[in-house]
Amino acid sequence: MRESERAPRRIAVGITGSSGFRYGVALVDSLCALGFETHVVLSGPAFKVARLEEGYEVDPARSPDEIAEKLFADPSRVRIHSVEAVESIPSSGSSGVEAMVVCPCSMGTLARIAHGYSIGLIERAADVALKEGRPLVLVPRETPLSVLHLENMIRLARAGAIVLPASPGFYHRPRRISDLVAFVVAKILGRLGLEIPEELRWSGPSESLVEEEGP
């Protein structure tokens, strides 16, 4: 089979109503840049957060193509699925989806995944990843964490999920919010075993960034 005839590699991304909508957008854009067919599911609250945090006026009733064009850099590689479409590609273990990422992941979504309680496509796709033994990365953005939050995270880690909080580092001397977002996206790509784009890699401090501390 020629390279052009091969089915594209697939990854599913759930974007929930947790704060940090731009993390999900940046992740999808990075996956598309790596050549993945990215299957995206946005929860109802995610559309509200997109408007409140980023100013995106995206009507969930619009067509999938219109939503993709509004949100992502390369909409040709994005497949938008309704959160209610539990019959769609991400819900099947035989669909060829290699991994699932929920970014950002609300505590409600995390709790439902932890207890196998699916109310829509995001939880269903995460459940499929766990039962099929495929990578499941959950990116919570919440603080402080209650005992319930921590117990759900432990439960998921024991089940095989990767809990990767959106906690950007500062050793790379970020100058823009996008630098902090890129840090988290690079961590996600690394845990998926994917190539980290050169602009997201840490290659050590340059001499210009190494400064002696003052008194």
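This is a predicted model: local features need pLDDT of at least 70, side-chain atom pairs count only at pLDDT 80 or more; totals for chains, interfaces and linings use all residues.

1. Buried side of helix 2. Helix 2 spans residues 44–54, and its buried residues are Ala46, Phe47, Val49 and Ala50. Viewed down the helix axis, these buried residues fall within an arc of 160°, so they line one face of helix 2. Their packing partners are strand 1 (10–15), helix 1 (21–33), strand 2 (37–42) and helix 3 (64–71).

2. Other side and end of helix 2. Lys48 and Leu52 are exposed on the other side of the helix. One of these is a leucine, and a reader going through the helix residue by residue may wish to look at Leu52, which is exposed. After helix 2 comes glycine 55, which has a positive phi, near 80°.

3. The cavity. How many cavities of 30 Å³ or more are there? The count is one, and the volume of the largest cavity is about 70 Å³. Its lining consists of Ala12, Pro90, Ser92, Val97, Ala99, Met100, Ala125, Val128, Ala129 and Arg134. Strand 4 (97–105) and helix 5 (121–132) are the elements that give two or more residues to this lining. Sorted by class, the lining of the largest cavity has eight nonpolar residues, one polar and one charged.

4. The second largest pocket. This pocket has a volume of about 200 Å³. Its lining is made of 14 residues, and Phe47, Pro60, His81, Ser82 and Val83 lie nearest the centre. At least two lining residues come from each of helix 2, helix 3 and strand 3 (78–81). By class, the lining of the second largest pocket divides into seven nonpolar, five polar and two charged residues.

5. In one of them, the side chains of glutamate 123 and arginine 112 meet at 2.7 Å, N to O. Glutamate 123 is in helix 5 and arginine 112 in helix 4 (residues 107–114); the two are eleven residues apart, and the pair links distant parts of the chain. Glutamate 123 is buried, at a relative accessible area of 5%, whereas arginine 112 is partly exposed, at 23%.

6. Arginine 124 pairs with aspartate 127, and the closest N and O atoms are 3.8 Å apart. About one helical turn separates arginine 124 from aspartate 127, because they are three residues apart in helix 5. Arginine 124 is partly exposed, with a relative accessible area of 28%, and aspartate 127 is also partly exposed, with 26%.

7. Salt bridge of aspartate 179. Which residue does aspartate 179 pair with? Its partner is arginine 176, with the closest N and O atoms 3.2 Å apart. Aspartate 179 has a relative accessible area of 17% and is therefore buried, the cut-off being under 20%. Arginine 176 counts as exposed because its relative accessibility is 52%, against a limit of over 50%.

Definitions and conventions: Residues are numbered from 1 along each chain as its sequence is written. Side-chain values use heavy atoms; hydrogens and water are left out. Buried means under 20% relative accessible area, exposed over 50%, partly exposed in between (1.4 Å probe, protein chains only). Helices (H or I, at least four residues) and strands (E, at least two) are DSSP runs, numbered from the N terminus. The arc is that of the directions from the helix axis to the C-beta atoms. Contact means heavy atoms within 4.5 Å. On a 1 Å grid over the protein atoms alone, a cavity is a set of points where a 1.4 Å probe fits but cannot get out, and a pocket is an open set with protein on both sides within 12 Å along at least five of seven lines; lining residues have an atom within 4 Å of a point. Grid points are joined across faces, edges and corners, and a volume is the space filled by probe spheres set on the points. Ala, Val, Leu, Ile, Met, Phe, Trp, Tyr, Cys and Pro count as nonpolar, Asp, Glu, Lys and Arg as charged, and the others, Gly among them, as polar. A salt bridge is a side-chain nitrogen of Lys or Arg within 4 Å of a carboxyl oxygen of Asp or Glu.
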